[in-house]
Amino acid sequence: MMSKLTALIGLARSGKSTFSRGWEEEKDPDGLTRLVLNCDQVRLALHGHRWIGKAEPMVSATYSVMINALILNPKLHILLDDTHTTVSSVRNVLNLDPDAEFIYIPCPVEVARKRAIDTNQSDLIPVIDRMYDNLQKLCWYSRHHWKCDIGHRDDYDDFTVNVENIKLSIEKIRSEVKRVKEYSDRAVK
């Protein structure tokens, strides 16, 4: 038995960490101990900064080891407080736990940009724009997944970023992950 895994989806400055703090304090309906993890914790612990590009491989490896170790504890409900705005990041979560839940924190891109400016983090604006672009790709994925990583921006520009489109894409990715796992399980036998 493994821990329960939930991952957030949302832009930088969308309110994910505010949501996480409230979530962690709530009583878990299954009686599990709630634990929030995010890459920023690892970055701060390793090098004390929000982002250093050269350090990201170490951050990613450390974070992955943490999650893989903690997921073995059946008494935990782990919330991954990261953006998960790309198809590959959703797939990575589902590879850890094909039954993982996702919670989308909706926030208009203009609001996220304004929050970045209001908190003296205007350097996040291009990051927020890129994340929004990725969210559009994620919403687009359930219908046109074969082009997702190579499609042109015009192909998915009009896809509405909303909870229904995100759910459809997550379910498509979940079924792909389960199909691959079933195939590899049969191949091993």
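The model is a predicted one, and the protein chain in it is built from 8 helices and 4 strands. Read from the N terminus, these elements follow one another in the order β-α-β-α-α-β-α-β-α-α-α-α.

**Overall form**

- The protein chain has 189 residues and a radius of gyration of 17 Å, which agrees with the value near 16 Å that a compact globule of this length would have.
- When contacts between residues at least 6 apart in sequence are considered, 72% of them join residues that are at least 24 apart.

**Arg34 and its partners**

- Arg34 belongs to strand S2, which covers residues 33-37, and it counts as buried because its relative accessible area of 13% falls under the 20% cut-off.
- The side chain of Arg34 makes a polar contact with the side chain of Asp28 at 2.9 Å, and the two residues also form a salt bridge in which the closest N and O atoms are 2.9 Å apart.
- Both members of this pair, Asp28 and Arg34, are buried.
- Glu26 forms a salt bridge with Arg34 as well, with 3.4 Å between the closest N and O atoms, but Glu26 is partly exposed, at a relative accessible area of 48%, whereas Arg34 is buried.
- A polar atom of the Arg34 side chain also lies 2.7 Å from the backbone oxygen of Trp23.
- Once neighbours within four places in sequence are set aside, the residues in contact with Arg34 are Trp23, Glu24, Glu26, Lys27, Asp28, Pro29 and His77.

**Other salt bridges**

- Side chains of opposite charge can pair when their charged atoms come close, and a search of the whole structure finds 12 salt bridges.
- One of them joins Asp99 to Lys178, where the closest N and O atoms are 3.0 Å apart; this pair links distant parts of the chain, since Asp99 sits in the loop between H4 and strand S4 (101-104) and Lys178 sits in helix H8 (residues 163-188), 79 residues apart.
- Asp99 is exposed, with a relative accessible area of 53%, and Lys178 is partly exposed, at 31%.
- Lys4, Asp30 and Glu101 are linked to one another in a network of salt bridges.

**Leu94 in helix H4**

- Leu94 is part of helix H4, which runs over residues 87-96, and it is buried, with a relative accessible area of 0%.
- Apart from its neighbours within four places in sequence, Leu94 is in contact with Ala100, Phe102, Ile170, Ile173, Arg174 and Val177.
- The C-alpha atom of Leu94 is separated by 21 Å from that of Asp133, a residue 39 places away along the chain.

**Cysteines**

- A disulfide is a covalent bond between the sulfur atoms of two cysteines, and the structure holds 0 disulfides.
- Cys107 is in no disulfide, and the nearest cysteine sulfur, which belongs to Cys139, is 14 Å away.
- Cys107 is buried at 9% relative accessibility, and Cys39 is buried with a relative accessible area of 13%.

Note on methods
Residues are numbered from 1 along each chain as its sequence is written. This is a predicted model: local features need pLDDT of at least 70, side-chain atom pairs count only at pLDDT 80 or more; totals for chains, interfaces and linings use all residues. Side-chain values use heavy atoms; hydrogens and water are left out. Helices (H or I, at least four residues) and strands (E, at least two) are DSSP runs, numbered from the N terminus. Buried means under 20% relative accessible area, exposed over 50%, partly exposed in between (1.4 Å probe, protein chains only). A polar contact is a pair of N or O atoms within 3.5 Å; within protein, one must be able to donate a hydrogen and the other to accept it, and residues adjacent in sequence count only if both atoms are side-chain atoms. Contact means heavy atoms within 4.5 Å. A disulfide is a pair of cysteine sulfur atoms within 2.5 Å. The radius of gyration is taken over C-alpha atoms; the globule rule is 2.2 Å times the number of residues to the power 0.38. A salt bridge is a side-chain nitrogen of Lys or Arg within 4 Å of a carboxyl oxygen of Asp or Glu.
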